Amino acid sequence: GHTVAFFGMSHSENTTLGTTETIPFLEFGNRCGVAKKAFSVGTALVMTALGSSQRSLMKCVKSFKPDCIHAHNVYNQLPPSLFSKLRNKVPVVMTVHDYKIVCPNYSLFVNNAVCEKCLKGNYLHCIKNKCCHNSMLTSGVAALSSAMHRYKGTYHKDYDKFIAPSPFMRDKLIEGGMLAKKVVV
């Protein structure tokens, strides 16, 4: 009985049912070369700096008028600060599918071992250990992004609740600095 709208990346696997608003898809993963990654990082930075993603979201919100926003995987192509203009206007809930909020490489795992060195906010470990795709450049960008969002308090200010799929993930998010009252299982 709920009416929903979709806002996200333009991608063949994303829905086209109902109200949809998309922004261009950017590839950051191992499936692309260094030049494509650099182009995608540059495009994401420009889109964030110019606020084009946020303007597209605001257009969708203005026309759809949601009671709440349920976010998934808002980290790179969609900047985590995407919802800053909606603060105290529309509740934003994020289902957390990985550890990106507290770990630049998303996994708390590097070099075949558990790694929790970044939990307290020192992301230099990520660069030193090349935690993201075994690349100092990719790890540096990820570490810088994590440090910036931690410093700005993006996740504390712009999100009302986080849904963790397990008590373990909830505990790690809290250990990494998330407010306990904002994280539910």
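# Close-up views of a predicted model

**View 1. Helix α2 and its buried residues.** In helix α2, the buried residues are S53, Q54, S56, L57, C60 and V61. Seen down the axis of α2, these residues fall within an arc of 160°, so they line one face of the helix. The arc is that of the directions from the helix axis to the C-beta atoms. Buried means under 20% relative accessible area, exposed means over 50%, and partly exposed lies in between (1.4 Å probe, protein chains only). R55, K59, K62 and S63 are exposed on the other side of α2. An α-helix has 3.6 residues a turn, so residues three or four places apart point the same way.

This is a predicted model, in which local features need pLDDT of at least 70 and side-chain atom pairs count only at pLDDT 80 or more, while totals for chains, interfaces and linings use all residues. Residues are numbered from 1 along each chain as its sequence is written, and side-chain values use heavy atoms, with hydrogens and water left out.

**View 2. The length and the end of α2.** Helix α2 covers residues 52-64. Helices (H or I, at least four residues) and strands (E, at least two) are DSSP runs, numbered from the N terminus. What span should the 13 residues of α2 have? At 1.5 Å a residue they should span 18 Å, and the end C-alpha atoms are 18 Å apart, which agrees. The expected span is 1.5 Å times one less than the number of residues. Just after α2, K65 takes a positive phi of about 55°.

**View 3. Helix α6 and its packing.** Helix α6 runs over residues 167-175, and M169, K172 and L173 are buried in it. Seen down the axis of α6, its buried residues fall within an arc of 100°, so they line one face of the helix. What do they pack against? The buried residues of α6 pack against β8 (183-184), where contact means heavy atoms within 4.5 Å. Just after α6 comes G177, with a positive phi of about 115°.

View 4. A salt bridge is a side-chain nitrogen of Lys or Arg within 4 Å of a carboxyl oxygen of Asp or Glu. By this rule the count comes to four. E116 forms a salt bridge with K172, and the closest N and O atoms are 2.8 Å apart. E116 lies in the loop between β6 (113-114) and α3 (124-128) and K172 in helix α6, so the pair ties together parts that are 56 residues apart in sequence. K172 is buried, with a relative accessible area of 10%. E116, K172 and E175 are linked in a network of salt bridges. R170 forms a salt bridge with D171, with the closest N and O atoms 3.9 Å apart. R170 is partly exposed at 24% relative accessibility, and D171 is partly exposed at 43%.

**View 5. The salt bridge of D158 and R87.** D158 forms a salt bridge with R87, and their closest N and O atoms are 2.5 Å apart. D158 lies in helix α5 (residues 154-158) and R87 in the loop between β3 (69-72) and β4 (92-95), so the pair ties together parts that are 71 residues apart in sequence. D158 is buried, with a relative accessible area of 5%. R87 counts as partly exposed, at 36% relative accessibility.

View 6. Rings of Phe, Tyr and Trp (its six-membered ring) pair if their centres lie within 6.5 Å; planes under 30 degrees apart count as stacked, over 60 as edge-to-face and the rest as tilted. The whole structure holds four aromatic pairs. F83 and Y159 form an edge-to-face pair, 5.5 Å centre to centre with 85° between the planes. F83 lies in the loop between β3 and β4 and Y159 in the loop between α5 and β7 (161-163), so the pair ties together parts that are 76 residues apart in sequence. Both F83 and Y159 are buried. F83, Y155, Y159 and F162 form one aromatic cluster.

View 7. Most residues other than glycine have a negative phi. L108 is not a glycine, yet its phi is positive, near 55°. L108 lies in the loop between β4 and β5 (109-110) and is buried, with a relative accessible area of 7%. N112 is not a glycine either, and has a positive phi of about 60°. N112 is found in the loop between β5 and β6. N112 is exposed, with a relative accessible area of 74%.
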